[in-house]
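This briefing is for a reader who is new to the structure shown below. Please look over the sequence and the model, then read on by topic.

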Amino acid sequence: MRTRLLTLALPLLYLSSAHAALVYVDATGGVGGNTVNALTESETDWYEVNTGSPTNNLWDQRTGNSFVYGGTAFQINSAETSIVIRTAVTGLLPNSTYTDIRLYYLGNILTTSTRNWTLQASVVSESTGFTNYEDGSGTALIDSNTDALGTADDGSTLSADTRYWVSLPDVTTDETGTFYVWINIGDGANDRAVYDGLAYNNVAIPEPSAVALLSLVGLGFGMRRRRR
């Protein structure tokens, strides 16, 4: 009986070995950054650093923004040729599932104008699995460029430019412990799209084979004690 209980308990202990917490990953460009051109894999050919909104058929790294984390986000205008970008989240457990994936973006739907800052994202590939996230469709956050995960706004302090998060599907890391999210301007966007970053739950769900291995280890340990 004890052996069986130990066998069942080990995977559960593994799954609860760390306290669940959301981890924010800010989108970064340039050499060593986590975001690249999904088509060319280039770290630098997809954006420029700008304080305005030029028509250059590139994403613009906007700085000094008081609404997004760290004051920096990536923007592309709807009149420009879109470039699909990809953010890599690294350093995780290989071949494991991560939940509570969040996409952070900036919206402008609350203004009296007809602007629509819609974004789309995929956790599948650069060409499939995209879901459109309408401007204002997520959880609105209180204006802050120091609150990475964001604090939900009760509606009393919402401004024209508002930071939101929306839920993405669960992801599974590859053998290197990496998962990817692909980002593009959304269908229906008539002004721009502004991408800020991602978040994920730091407690992984290992693949079934890993759980089975832990169970076998527990069984072997129990049998060894029984022989003694």
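This is a predicted model: local features need pLDDT of at least 70, side-chain atom pairs count only at pLDDT 80 or more; totals for chains, interfaces and linings use all residues.

In which strand does Asn50 lie? Asn50 lies in strand β3.

**Whole chain**

- The secondary structure consists of two helices and 16 strands.
- Of the 228 residues in the chain, 45% are buried.
- Among contacts in the chain with a separation of 6 or more, 72% are between residues 24 or more positions apart.

**Confidence**

- The average pLDDT of the chain is 85, and 80% of the residues score at least 70.
- Residues 2-17 have a pLDDT below 50, and this stretch has 22 contacts in the model beyond near neighbours in sequence.
- The pLDDT is also below 50 over residues 210-219, a stretch with 13 contacts in the model beyond near neighbours in sequence.

**Aromatic rings**

- Nine aromatic pairs are found in a search of the whole structure.
- Tyr24 and Tyr69 form an edge-to-face pair, because their ring centres are 5.2 Å apart and their planes stand at 75°, where an angle over 60 degrees counts as edge-to-face.
- This pair ties together parts that are 45 residues apart in sequence, because Tyr24 lies in strand β1 (residues 22-26) and Tyr69 in the loop between β4 (59-62) and β5 (73-77).
- Tyr24 has a relative accessibility of 14% and so counts as buried, whereas Tyr69, with a relative accessible area of 27%, is partly exposed.
- Trp46 and Phe74 form a tilted pair, with ring centres 4.9 Å apart and planes at 50°.
- Trp46 is placed in the loop between β2 (35-37) and β3 (47-50) and Phe74 in strand β5, so this pair ties together parts that are 28 residues apart in sequence.
- Trp46 and Phe74 are both buried.
- One aromatic cluster is formed by Tyr24, Tyr69 and Tyr104.
- Over the face of Trp165 lies Arg102, at 3.6 Å from the ring centre.

- Asn50 is buried, as its relative accessible area is 18% and the cut-off for buried is under 20%.
- A polar contact of 2.8 Å joins the side chain of Asn50 to the side chain of Asp60.
- Asp60 is also among the residues in contact with Asn50 when neighbours within four places in sequence are left aside; the others are Asn56, Gln61, Arg62 and Thr63.

**Asn116, in a loop**

- The loop between β8 (101-107) and β9 (119-122) holds Asn116.
- With a relative accessible area of 15%, Asn116 is buried.
- The side chains of Asn116 and Thr118 make a polar contact at 2.4 Å.
- Not counting residues up to four places away in sequence, Asn116 touches Glu134 and Asp135, together with Gly188, Ala189, Asn190, Asp191 and Arg192.
- Ala193 is 77 residues from Asn116 in sequence, yet the two are 8.3 Å apart in space, C-alpha to C-alpha.

**Thr173, in a loop**

- Thr173 lies in the loop between β13 (171-172) and β14 (179-185).
- Thr173 counts as buried, at 3% relative accessibility.
- The Thr173 side chain reaches two backbone atoms: the oxygen of Leu93 at 2.5 Å and the nitrogen of Asn95 at 3.0 Å.
- Leu93 and Asn95 are among the residues that Thr173 touches, not counting those up to four places away in sequence; the list also includes Leu92, Pro94, Ser96, Tyr98, Thr178 and Phe179.

**Gly197, in a strand**

- Gly197 is found in strand β15 (residues 192-201).
- Its relative accessible area is 0%, so Gly197 is buried.
- Gly197 and Leu103 are 94 residues apart along the chain, and their C-alpha atoms are separated by 6.2 Å.
- Leaving aside neighbours within four places in sequence, Gly197 is in contact with Tyr24, Val25, Asp26 and Ala27, and also with Arg102, Leu103 and Tyr104.

Definitions and conventions. Residues are numbered from 1 along each chain as its sequence is written. Side-chain values use heavy atoms; hydrogens and water are left out. Rings of Phe, Tyr and Trp (its six-membered ring) pair if their centres lie within 6.5 Å; planes under 30 degrees apart count as stacked, over 60 as edge-to-face and the rest as tilted. Helices (H or I, at least four residues) and strands (E, at least two) are DSSP runs, numbered from the N terminus. Buried means under 20% relative accessible area, exposed over 50%, partly exposed in between (1.4 Å probe, protein chains only). A charge sits over a ring if NZ of Lys or CZ of Arg is within 6 Å of the ring centre and within 35 degrees of the ring normal. Contact means heavy atoms within 4.5 Å. A polar contact is a pair of N or O atoms within 3.5 Å; within protein, one must be able to donate a hydrogen and the other to accept it, and residues adjacent in sequence count only if both atoms are side-chain atoms. pLDDT is the predictor's confidence in each residue, from 0 to 100.
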